[in-house]
Amino acid sequence: MEFVNKEYFILLTLLIPYIIWYWRNRKHSEPTMRVSTVVAYYKVPKSWRQRIVHTPMFLRCLAFVMIVCVMARPQTRNSWDNKSVEGIDIMLAMDVSTSMLAEDLKPNRLEAAKNVAAEFVAGRPNDNIGLTIFAGESFTQCPMTTDHASLLNLLGSVRTDIAARGIISDGTAIGMGLANAVSRLKESKAKSKVVILLTDGSNNMGDISPMTSAEIAHSLGVRVYTIAVGTNKVAPYPVPVAGGIQYVNMPVEIDTKTLSEIAQITNANSYRATNNRELSQIYKDIDKLEKTKMDVKRFSKHYEAYQPFAIVALFLLVAEFLLRFTVLRRIP
């Protein structure tokens, strides 16, 4: 606990002249009676009333001390806690091309990827994490932030229909998606910078090749973990038809060779996920690999703490009043 207005404690020095005045003038304030001698009273034991006769003065002084403490504005201490936590800067680069609607993962590739990514984010509360999405083009859905509630909200709103609605062109621009994610890490001061690139295809769009983006990432000290998502050979893909949806078998064409080379160039790992369980395990493996100790300071804000002092002061004044006008009441 600390006091904001410590200068008010100077008022406590007023107790010194008050106590001196009390002891010097108390005899004049008490009723007296002249007698020839008081020898007979020397051995008379003191009553309990005589023993507590100065209690009101003592209570009054304590009440004054409490009032001064209230005026000094006591507050619980505003503290900085040094704590060692694990934190890095991470960009999630996620493919949102229409092929991510294939249902070889449940309920489909995109929703499965979003679910495991959300669990990954929730498990790393101290990290700066952002999100880049790409199809035939790429853009940043959420810049790096520790406000994971906002990040998860934006992640949940990701859909594959942005290409169908003409917001971006359809296709798979892996190089552009990676370059966008790396650009967000360019100014990062963190010792560990990571991109988790997830796609279900091969690069067929964009002005930047995946290998060029990988070289840029390597030059900036960014590790790129690549995840190829989708079963082998063919996958069921929903096609809208009159009156409903018809499923067709879509060939799975993932450029695992390029994804592996990207990871190798950037000193990271490449993964293959053919089902939900494997995809979940991949994110858990990355979570275990990317742990960097860092010291952070956490600020704890507290509130005014004058109430206990005010209550004690009021109690002391009431007690002093009751003693003075009941037990210790004097008859003039």
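Is the crossing of α4 and α10 left-handed or right-handed? In this predicted model, the crossing of these two helices is right-handed.

**The helix pair**

Two packed helices are described by the angle between their axes and the distance between the axes. For helix α4 (residues 109-122) and helix α10 (residues 276-289), the axes come within 10 Å and cross at roughly 30°. Angles under 35 degrees count as roughly parallel, and α4 and α10 are therefore roughly parallel to each other.

The contact is formed on the α4 side by Ala112, Ala113, Val116, Ala117, Glu119 and Phe120, which meet Asn276, Leu279, Ser280, Tyr283, Ile286 and Asp287 of α10. By class, the residues of this contact comprise 8 nonpolar, 2 polar and 2 charged.

**The strand pair**

Strand β9 (residues 234-241) and strand β10 (residues 244-251) run antiparallel and are joined by 8 bridges. Pro236 has Asn249 in β10 as its bridge partner. The hairpin of β9 and β10 has 2 residues between the strands, and Gly243 in this hairpin takes a positive phi near 85°.

**The annotated spans**

An unreviewed UniProt entry carries the annotation "transmembrane region" for residues 6-24 and residues 305-323. The table sets out the computed values for each span in the model.

| Span | Distance between end C-alpha atoms | Helix | Strand |
|---|---|---|---|
| Residues 6-24 | 31 Å | 53% helix | 0% strand |
| Residues 305-323 | 29 Å | 89% helix | 0% strand |

Notes:
Residues numbered from 1 in each chain as written. Predicted model: local features only at pLDDT ≥ 70, side-chain atom pairs only at ≥ 80, totals over all residues. Heavy atoms only, no water. Axes fitted to C-alpha atoms, helices over the stretch in contact; angles between N-to-C directions. Helix = DSSP H or I, 4+ residues; strand = E, 2+ residues; numbered from the N terminus. Parallel < 35°, antiparallel > 145°, perpendicular 65-115°, else oblique. Left-handed = near helix turned anticlockwise from the far one by under 90°. Contact = heavy atoms within 4.5 Å. Nonpolar A, V, L, I, M, F, W, Y, C, P; charged D, E, K, R; others polar. Pairing = 2+ DSSP bridges. UniProt positions renumbered as here; feature names shortened; annotations may be inferred.
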